[in-house]
Amino acid sequence: MAKISGLGGRLYSGETSFNIVENRKRWYSISALFLLASIAALTIQGLHLGLEFKGGASYTVTKPGLTLEQGREAASNFDIPGEAIVQKIGDDKIRIQTGALTPAQATAAENVLTSTFDVPAESIDTQIVGPSWGKEITKKAIYGLIAFLLAVMLFLAMAFEPKMALAAIVAVVHDVLITVGIYAVVGFDVTPATVIGFLTILGYSLYDTVVVFDKVRENTKSVTANSKQTYSQAANLAVNQTLVRSANTSIIALLPVGSILFVGAGLLGAGTLKDLSLALFIGLAVGTYSSVFIAPPFLASLREKEPAMQALAKRVAARGGAVAITEDKAPQTSVTRGPRNQPKRKGRK
Amino acid sequence: MSTPTKTVKTSGRPARALALLAVILLGLVGTALIQGASSVKLGLDLRGGTSVTLQPRASNDSNKITSAAIDQAVTIIRQRVNSLGVAESEVTAQGSGTNRQIVISVPGDSGRRVVDLVGQTAELRFRQVLAESSGLAGSGLDTATPTVGVTPVLNARFAALDCSQLANQQGTGADSPSETIVACSRTGSSKYILAPAEVLGQQVSKASAGIDQQGSAGWFVSLSFNGEGTSAFGALTGRVTSLASPLNQVAIVLDGLVVSAPSINEAIPSGNAQITGSFTQTEAEDLANVLKYGALPLAFDRGEVQQVSPTLGSDQLDAGLLAGALGLILVVIFSVLYYRALGLVTVGSLAVASALVYLLFLVLGEAIGFTLTLAGIAGAIVAIGITADSFIVFFERVRDEAREGRSLRSAVENGWLRARHTIIVADMVSILAAVLLYFFAVGGVRGFAFTLGLTTLVDLIVVFIFTKPLVTLIARINFFASGHPLSGFSPKSVGLKGARANTSTTTVEA
């Protein structure tokens, strides 16, 4: 722990520095690769949609000693088109899933179950979803997504600057696409709870990006005035300075999400908790990556195109000094304790 | 943007902020006591019950989906559900404008009945029978001598209609009152060609269930018509009574299905009628209720029906609470390991935040009927991360300032000024997400969005009037100010290697 804490200090002063912004082409290509893979998986394989999106019915009967065969037999007595999927959950549960049913078919199926297994109708956990319901919730989710992106863009443009808003949104879209892509590749079920997860990732990923950008803004405020660093260098320092925080935040966010995932998948089998936390878990990981490796470099790319920043870069190159900061200071500085390159600090003390 | 010049102003009065927090906490406890709220209201997925989500659908051109029609439907469905007499049933429209769903939640085990009751449009019509035959496809081809108003097209549809299929035994409410239609009976045993409707459901003034003690009719529903209905029904019965079978029958059609089609032996001018049809007591009572409160102005598709048994409900509650506890413990362990004594501030802040959230759940449960669902619990657990993150942003900023060589007290004040901006902007984004999710979503998502938004707000409150004042206070304590190795502010953990570091600690390593 102490070593990590010490790292925070070295990152802050610029003693140790990762060239994150400078190497942006590398991160761009990695992300481009992932994005392409995601889009390919989405178009070729598509998402594995859950019951709520396809329409269908799911009955869970709880009774000690139930066997899979009994479940299959009961399901074969359903007066429905298509095949029913029968699963055994835990010791005493059977889940039967069917395609979309009319209300009359659903009632009939429930009657078959109550009479076959001799259980009251109330003890059967039932979920029946109409065939058009999925379209409705998908529509709502997409409206919500668009409204959210617009609102956040406006808000960030006001709170920070328009290019930061754009970079943040690019990072968010990147996160959601890759997360959804992972779902397509692995074939996890997408349920409304998963969608909640996806939407929450938007908030989380932005939150992370906001914290980094706040520091970038602070570091770059007077960057053109003192001509010591290019915009990219100042942004890179900000990313490094917030690196410990980003790591800590991600760990602290993943701990509760991980415990929901553990409990949801381990104890309940399937359902809201598992679906939600799985989406969050993947999304958070991608979100942390993007708030460090995509959003700030992308912002720097945007800003470096401005004539003022290009002029600044030329001035800094002419001085030839500042670039060395990030490279010359090797870890041995802790032994030699050379003079730190920010002399004004003494004055403020 | 705040400027460091305000330092002196904000450092003052930490005690006052803590007192404010105490007032808020006591106020919430007091409110909860006055309301008599002793436990958080749980959603159906945590205690068992049935929820039905209905999606409005325009059944024909004449009834468009309007906001007023949805409001009216909610009122009628609420009356129907209340007629069941189940406590704490709830009927709400979720969404905005015409793009709304109606969500019905009924706790306990009356699920099946609710589902049947609320989905019915209950469009009642009385139509003269033009032709009748057994319900199978192909039957009725030769018996159906073309009557007035029966086109060859309709005749062919009548012949093809197979009432033994379940899909055709399902009420749709889509029959247009001004047209001649083909329809199945409720049981599927017969099919009919029916003349345009002459008496409509809205002309019914009273409806009640009764039992025929002597006869074999069993449970029935008695109807009384209003003035208009009485004369229309009198005219209809008077006209058909002398005709040959099946033209002397009047079909009672509910949601497009024939409930019964009795032969009329004499004109009925009294304005009373009975519907028989081998009902059980429950069916008769429910039908009477449905007719009494009127037909829904819209047809509805069942979007989702979810029935959770009490066993599954309590399992889910346990799992949610376990996950929450586990998440909290892990976050606490991490904070203390990383931030040492400062981590205890995190622990304290999380405890205060949990207390506030719990009290708000209590109070809001009584005030606005807030119920905690599984998705809501997940939202609250996820928010642990967001809440703890505010502290991290703050602490890291304070450390940054300490690295600049400030004393702890001034580092806390300067760090706070900078962290404050970050925390507010970041939390605003989170609240924005929650508010939009809440308005665009339906069902479980709303529960999630609500708790997420609420806990983010609580986070803001806690950071401002608990965490910051507390850190200001402890910065005055020597243990922290001198940078004790366990304080979380030791020069080593901050990464400061200046003169102060050498005097305050003997360990020299990197």
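The predictor's confidence in each residue is expressed as pLDDT, on a scale from 0 to 100. For chain A of this predicted model, the average pLDDT is 80, and 89% of the residues score at least 70. Because the model is predicted, local features are described here where pLDDT is at least 70 and side-chain atom pairs count only at pLDDT 80 or more, whereas totals for chains, interfaces and linings use all residues. Residues are numbered from 1 along each chain as its sequence is written, with chains lettered from A and ligands numbered from 1 in the order in which they are written.

Secondary structure is taken from DSSP runs, with helices (H or I) of at least four residues and strands (E) of at least two, numbered from the N terminus. On this basis chain A contains 17 helices and 6 strands. The pLDDT is below 50 over residues 322-349 of chain A, a stretch that has 24 contacts in the model beyond near neighbours in sequence. Here, two residues are in contact if their C-beta atoms, placed from the backbone, lie within 7 Å. Of the contacts in chain A with a separation of 6 or more, 78% are accounted for by residues 24 or more positions apart.

Domain bounds, which come from an automatic or database domain assignment, divide chain A into domain 1 (11-49 + 133-313) and domain 2 (56-129). The centres of domain 1 and domain 2 of chain A, taken over C-alpha atoms, are separated by 42 Å.

Burial is counted from C-beta atoms placed from the backbone: a residue is buried if 20 or more others lie within 10 Å of its own, exposed if 12 or fewer, and partly exposed in between. By this count 49% of the 349 residues of chain A are buried. Helix α8 (residues 192-220) of chain A is mostly covered, with 26 of its 29 residues buried. From first C-alpha to last, α8(A) reaches 42 Å, close to the 42 Å expected at 1.5 Å a residue; the expected span is 1.5 Å times one less than the number of residues. A contrasting case is I142(A), placed in helix α6 (residues 133-159) of chain A. I142(A) counts as exposed because it has 12 C-beta neighbours inside 10 Å. Although 57 residues apart in sequence, I142(A) and L199(A) are 9.9 Å apart in space, C-alpha to C-alpha.

Turning to chain B, 16 helices and 12 strands are found, and 50% of its 510 residues count as buried. Residues 24 or more positions apart make up 72% of the contacts in chain B with a separation of 6 or more. Strands are taken to pair if DSSP finds at least two bridges between them. Strand β3 (residues 99-107) of chain B has 8 of its 9 residues buried. This strand, β3(B), pairs antiparallel with strand β1 (residues 49-57) of chain B over 6 bridges, and V52(B) has I104(B) as its bridge partner. Strand β2 (residues 90-96) of chain B is also antiparallel to β3(B), with 7 bridges, and T92(B) stands opposite V103(B). The hairpin of β2(B) and β3(B) has 2 residues between the strands, and G97(B) takes a positive phi near 60 degrees there.

A second hairpin in chain B joins β5(B) and β6(B), with 5 residues between the strands and G188(B) at a positive phi near 90 degrees. Strand β5 (residues 181-184) of chain B directs I181(B) and A183(B) one way and V182(B) and C184(B) the other, and all are buried. Antiparallel pairing with strand β6 (residues 190-200) of chain B involves 4 bridges, and I181(B) faces L194(B).

D118(A), in the loop between α5 (103-117) and β5 of chain A, is exposed, with 8 other C-beta atoms within 10 Å. R340(B), in the loop between α9 and α10 (341-368) of chain B, is buried, with 20 such atoms within 10 Å.

The contact between the chains takes 78 residues from chain A and 75 residues from chain B. Elements that each supply at least two residues to the chain B side include β12 (299-308), α9 (310-339) and α12 (408-440). Strand β5 (residues 125-129) of chain A runs antiparallel to β12(B), joined by 4 bridges, and Q127(A) stands opposite Q306(B).
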